[in-house]
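Please work through the following exercises with the sequence and the three-dimensional structure at hand. Each task is followed by a worked solution.

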Amino acid sequence: MYNIYKVREDFPILGREVYGKPLIYLDNGATTQKPRTVVDAMVDEYYSVNANVHRGVHFLSQQATELHEASRETVRRFINARTTNEIIFTRGTTESINLLAFSFGEEFMEEGDEVIISTMEHHSNIVPWQLLAARKGIAIKVIPMNDQGELLLDEYRKLFSKRTKLVSVTHVSNVLGTINPIKQLISIAHEQGVPVMVDGAQGVPHCTVDVQDLDADFYAFSGHKVYGPTGVGVLYGKEEWLDRMPPYQGGGEMIQTVTFEKTTFNELPFKFEAGTPDYIATTALARALDYVTDLGMEHIAAHELSLTQYAMERLKEIPGMRLIGEAAHKSSVVSFLVGDIHHFDMGTLLDRLGIAVRTGHHCAQPLMQRLGIEGTVRASFGLYNTKEEVDKLVAGVERVSQMF
Ligand code: PMP
């Protein structure tokens, strides 16, 4: 069973204080804290295995390579990809989407072609498409949403045309907490013969993800948001797509043979992994995925859902409270504003009480424009947050509100 107090002991940072107050860390949407086992994996590998992967005949290099490739298998299992050829290690979600936009755009998109994204995308699922638009003259279409923060599926259906080449949409909104009906979005796109990329930065930490069940063509996530290290992420892609896509970057590892005249490229997944990978981080990412698997993604999801619902109910009691994002299907994120209090002031004063929340536009300025606001205060929950912490957040928000 899920014992939150025992779980918390795995995260040393949760025992620290800020401004003499116990830390209440509610900024998990930005990054998560690390369990001891993840940091230990990094320290152990640096101290006892460290060697560059794939190139060495010597013992350490082979051991490091085995760890790195075993991590790829752990990722494969975690998201239920068919083969490790479909798991590309990147620096994170941002790099995964840039890789896709460049490589897919290069091979499959021409001037006048279209990509569909949504109103609630993070900048990292907007700007790479704009760069492609500037390079190739493609057009970007946007799925609208209702005031609760739910995508409008009928409008989505209408966006498809003969020129639609890709849909790229977030699994879970980092601002609204909306869990999009990704399986349905994918099946609608597939009816039109259009592949789908899912930004899973906020999906993987909070839901069980099965890329085969979703039938996602591409799925991206970041290690650091799922209790793993910074600097590593994943792009999953169906082999039949990845096989046909050109490399994103050139360098070591991604080649088969090189002459000054011509280079032939390595097989999957190495074709997309130029240069020395962060093999220490991949080991630690695998450790993080094993950690959440052992806790049980379904337990984590249930725990976070109950915290989210409780937080929304309690916050609503505060006079002047405006919750932003009330989708029927949402979790882990609560965004809000109170009266005329600026989100930055609220965040700064909560910080003084030891409560770490995020304020601002959350890298989703077009969503802010849709909502007619500049920013929000965002509390985002992780597997180690407690009901008592939500109570302290609510008490903190009440206290700050009374000061204004
Ligand atoms: N997409 C979403 C929905 C996110 O929340 C984030 C991180 N805030 C990203 C993409 C980018 O992730 P990263 O910075 O780890 O590349």
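The exercises below treat domains, sheets and pockets in turn.

The model is predicted: local features need pLDDT of at least 70, side-chain atom pairs count only at pLDDT 80 or more, and totals for chains, interfaces and linings use all residues. Residues are numbered from 1 along each chain as its sequence is written, and side-chain values use heavy atoms, with hydrogens and water left out.

**Exercise 1. Describe how the protein is divided into domains.**

Step 1. The division gives domain 1 (4-30 + 296-403) and domain 2 (39-293); such bounds come from an automatic or database domain assignment.

Step 2. Taken over C-alpha atoms, the centres of domain 1 and domain 2 are separated by 28 Å.

Step 3. Domain 1 gives 37 residues to the contact and domain 2 gives 32 residues, where contact means heavy atoms within 4.5 Å.

**Exercise 2. State the strand order of the open sheet of seven strands, and describe its edges.**

Step 1. The order is 4-10-9-8-7-5-6, and the pairing is mixed. Strands (E, at least two residues) and helices (H or I, at least four residues) are DSSP runs numbered from the N terminus, and two strands pair if DSSP finds at least two bridges between them.

Step 2. At the edges are strand 4 and strand 6 (139-143), each of which pairs on one side only.

Step 3. On average, neighbouring strands of this sheet are turned by 20° against each other, direction ignored.

Step 4. Strand 5 (residues 114-118) pairs with strand 6 in the parallel sense over five bridges. Within this part of the sheet, Ser118 has Ile143 of strand 6 as its bridge partner.

Step 5. Helix 3 (residues 59-79) lies across strand 4, strand 9 (218-222) and strand 10 (233-237), and runs at about 115° to strand 4. Axes are lines fitted to C-alpha atoms, for helices over the stretch in contact, and angles run from 0 to 180 degrees between N-to-C directions.

**Exercise 3. Characterise the largest pocket and its lining.**

Step 1. A pocket is an open set of points, on a 1 Å grid over the protein atoms alone, where a 1.4 Å probe fits, with protein on both sides within 12 Å along at least five of seven lines; lining residues have an atom within 4 Å of a point.

Step 2. The largest pocket holds about 390 Å³ of space, a volume being the space filled by probe spheres set on the points, which are joined across faces, edges and corners.

Step 3. Its lining has 27 residues, and Thr94, His122, Ser124, His224 and Lys225 lie nearest the centre.

Step 4. Helix 4 (93-108) gives the largest share of this lining, three residues. At least three residues of the lining come from each of domain 1 and domain 2.
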